Amino acid sequence: LSVSNLWIVLSGSPIYGESVGLFVALLFSWVLGFGATLAEPALATLAITVEKLSKGRLSKMQVVLSVALGVGTGTALGLFKIVMQLPLLPMLIVGYVLAVILTIPAGEVLVNVAWDSAGVTTGPVTVPLVISLGLGLGRALDATDGFGILSLASVCPIVSVLAIGLICEKRKGNEDRNEFELVSTGSLKHSRSIDGMPDDNL
């Protein structure tokens with residue numbers, strides 16, 4: 001299926017209106033980026049290594065899905081940028097500023113994984129599909145700039161991995177804290193019961 005056929009969707013054809021057609025095209029590009037990332041062999045290797053080095057704190061599934069989510073979102077943003085003929089530089093600046101902000105509170109392992117995950121967009125599966133999507137769509141729409149999808153698909157995985165990693169770390173920290181409080185309370189009750197003091201005094 002030629003990517004240039006997306007013009008049928010975006011031109012307000014009888015099949016779809018302009019808004020619905022744009023939504024369908026964005027959804028298609030998101031699924032394309034997401035699926036291509038899942039097929040990247042380098043990402044699977046990276047995820048397995050990260051799971052071993054982090055001792056399970058970052059699971060293989062978590063790494064793969066967070067990177068795929070970022071690439072899919074970046075691909076959809078790139079398509080939106082081409083359709084609306086938006087400038088690329090402001091979008092990249094916002095993405096990298098957000099990535100730097102999320103890097104500050106993140107741990108070393110998460111930071112290394114997040115910034116290395118951008119390299120998945122240079123893989124043998126993602127690059128041909130994403131570049132073909134940008135060039136085909138740009139030609140169909142007579143856009144002056146059909147590039148930018150790959151660069152947006154590179155910065156978005158950094159943001160997604162950092163954001164999801166920070167959320168999981170915070171949730172894990174809360175669970176560990178609750179478990180520690182439960183164990184501490186149980187130990188205190190046990191020690192008081194040994195001393196002959198009733199648990200109701202707690």
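Student: How many of the 202 residues of the chain count as buried?

Tutor: A residue is called buried when its relative accessible area is under 20% (exposed is over 50%, and partly exposed lies in between, with a 1.4 Å probe and protein chains only); here 37% of the 202 residues count as buried. This is a predicted model, in which local features need pLDDT of at least 70, side-chain atom pairs count only at pLDDT 80 or more, and totals for chains, interfaces and linings use all residues. Residues are numbered from 1 along each chain as its sequence is written, and side-chain values use heavy atoms, with hydrogens and water left out.

Student: What span should helix α4 have, and what is the distance between its end C-alpha atoms?

Tutor: The expected span is 1.5 Å times one less than the number of residues. For the 25 residues of α4 (residues 60-84) that gives 36 Å, and the end C-alpha atoms are 36 Å apart, which agrees. Just after α4, Gln-85 takes a positive phi of about 55 degrees.

Student: What is the accessible area of the chain?

Tutor: By the Shrake-Rupley method with a 1.4 Å probe, where for residues only the protein chains shown count as cover, the chain exposes about 11,400 Å², of which carbon and sulfur atoms supply 67%.

Notes
Helix = DSSP H or I, 4+ residues; strand = E, 2+ residues; numbered from the N terminus.
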